Structure formats: structure tokens, C-alpha cells
Amino acid sequence: MIPSGKVLCAAGIIVGLLAFFWRDTFNPDSISGARVLLTGASTGIGEQMAYHYSRFGAEIVLTARRGTLLQKVMEKCLQLGAKKVFYIQADMSSPQAPEEVVHFALQKLGGLDHLVLNHIGGTPFRMWDGDVEHTRWLMQVNFLSYVALASAALPILAESKGSLIVVSSLTGKISTPFTTSYSATKFALDGFFSSLRHELAMQKQDVCITLCILGLIDTEMALEKTRDKVYMSAYPAAEAALTIIKGGATRAREVFYPWWLELLCCLRDWFPDQRDVVIQSFYNYTSA
């Protein structure tokens, strides 16, 4: 059988297994009254998660850099049915921000059931230009602040047997062009939180870690950066947000959106040279 035939055969088997084992066990009532700290909540996927959590009747603390936008999101959350909503403006490039945000959430909610790490720092979508300082800054925002937030919240999540939900990207599983620094931060998330999952299990701490692997989502920022540079469709932020919430509520180990990313990750190491050629064909080098 030629390699392409083997790939198709393997893909068919994996799709069949995924269809057999996957079940939607999400119960919306499990979110009602849940205490949620959500980062990156002012726009995009985070904003949509805030609205979904509100419809399910959660108690929420929102955080992001822009207070004006957070105020508007908070008002809509209350209209949608959130039991409580608070917000705190914070810049995760500051090493002090994570502890301050967790402390604020505990003051307002009295505990935590879900910590949703979703914020990202802005980064150019282009060829690597040697900007090490930007990479260092991005590691602080996209990785080290996640570690600090999780570390501050872990004792509380252990008490509530809660969930730690880490929003990542396909670029944290499979390297792609134009995302050198961003991809580095997402691979770091996978490594750290996958290792932490082992340690929590060994210590018999009942805290679930859900790693969320997302493709191209139709947020304003993503569409603006990738315009004329990628040949692929973007998926709706509202649907991605709901998939993340369901994964955290059902205590899934990993969540993939769109679903076929899981298949892609399963096949990533089979034919690396052919894989790289296919990946590069989706990117427009001339406009980068």
C-alpha cells in the first residue's frame, strides 16, 4: 500500500474510534452556581465564554487589560443570567498581576471551581526576525502568567475538586510558519500542564487539567493577522467557547476544536516530510 493509502486507512480507523468513544456527557446544570475565574474575557473567545457561563448561571470574575470592554461584557453577562459577575483590570505582563487577580476572585466569590486561562499577548504573524525581547515578553504573558495563576489557585481548586482549563492552540502541538514565538509559548503550556497533571494524580489531588487545542478561530485579531496569509477557513468563536466550557465541565483531558485537529495530531509524526510540505502549502509566504 502506498503511503497515502496507509494514511487514509489509518485516518478512517481513528475517525471510527473517535466516533465510537466520544460522548457528549455535558450537563448544563453542573455549571449553575459554579465559581469561575476567566482571563482574556474582554473580546474574542473569552468574551464568548463569559456569555455561555452566564447563560448557565455561573458566578464569574472576568479579567483582561481593557477595563472599558470588561464593563460592557459584565453588563451583558448580568442580562444573560449570571448569578454574580465582577471584573478586575489586569495586565499579565506584570509578574504581580496573577496573584492579585486570584486574590480578588477569592474575595468576591469565596472560592473557585473553574480557573479558565485564556489570555494571550499580541504578536506579529510573520517570519522570525530575531526579536528575542518580544519572545521574552510573550513568554511572560502567554506562559509564565498561566503558571503563576495556576499556582496561586491550586490550593483553592484542590479544596473544591475543581477544574483548571488551559486554552492552547494547534501551534502548541504541531509547529507552523509565522508563529515562532507564539508557538514556543503554546508548546510550553503543553509541557508544563501535562507534567503537572501527572504530579497532581500522584499526590491524589482531585484537580482536573483540561488542555484545549484550537485551530484558526474567527476572532477579530486572528482574522486581521492572517488575512491574505493563510488558505484556510476560520471557525466560530462562540462554538469554540462552548466546546472549551464543555470540556472543563466534563473533566476532559484534552479538547480539540474543530474536532479533526485530534486526528491531525494523532498522525503528525507518521510522515514528517510530507506533513511539512502540506502545512507550508496553506501559508502565503509572499505576503508575510
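The model is predicted: local features need pLDDT of at least 70, side-chain atom pairs count only at pLDDT 80 or more, and totals for chains, interfaces and linings use all residues. Residues are numbered from 1 along each chain as its sequence is written, and side-chain values use heavy atoms, with hydrogens and water left out.

Helices (H or I, at least four residues) and strands (E, at least two) are DSSP runs, numbered from the N terminus. Strand β1, residues 35–39, pairs with β4 in the parallel sense over three bridges; pairing requires that DSSP finds at least two bridges between two strands. Within this pairing, L37 has L115 of β4 as its bridge partner. Strand β5, residues 163–169, runs parallel to β4 and is joined to it by four bridges, with L164 standing opposite L115. From β4 the chain passes through α5 to β5 in a right-handed β-α-β crossover, meaning that, with the strands pointing away from the viewer, the path from the first strand over the helix to the second runs clockwise.

Buried means under 20% relative accessible area, exposed over 50%, and partly exposed in between (1.4 Å probe, protein chains only).

H119 is found in the loop between β4 (114–117) and α5 (132–160). With a relative accessible area of 8%, H119 is buried. Contact means heavy atoms within 4.5 Å; not counting residues up to four places away in sequence, H119 touches T39, G40, M92, V141, N142, S145, Y146 and L149.

Helix α8 (residues 237–249) contains E239, which counts as partly exposed at 45% relative accessibility.
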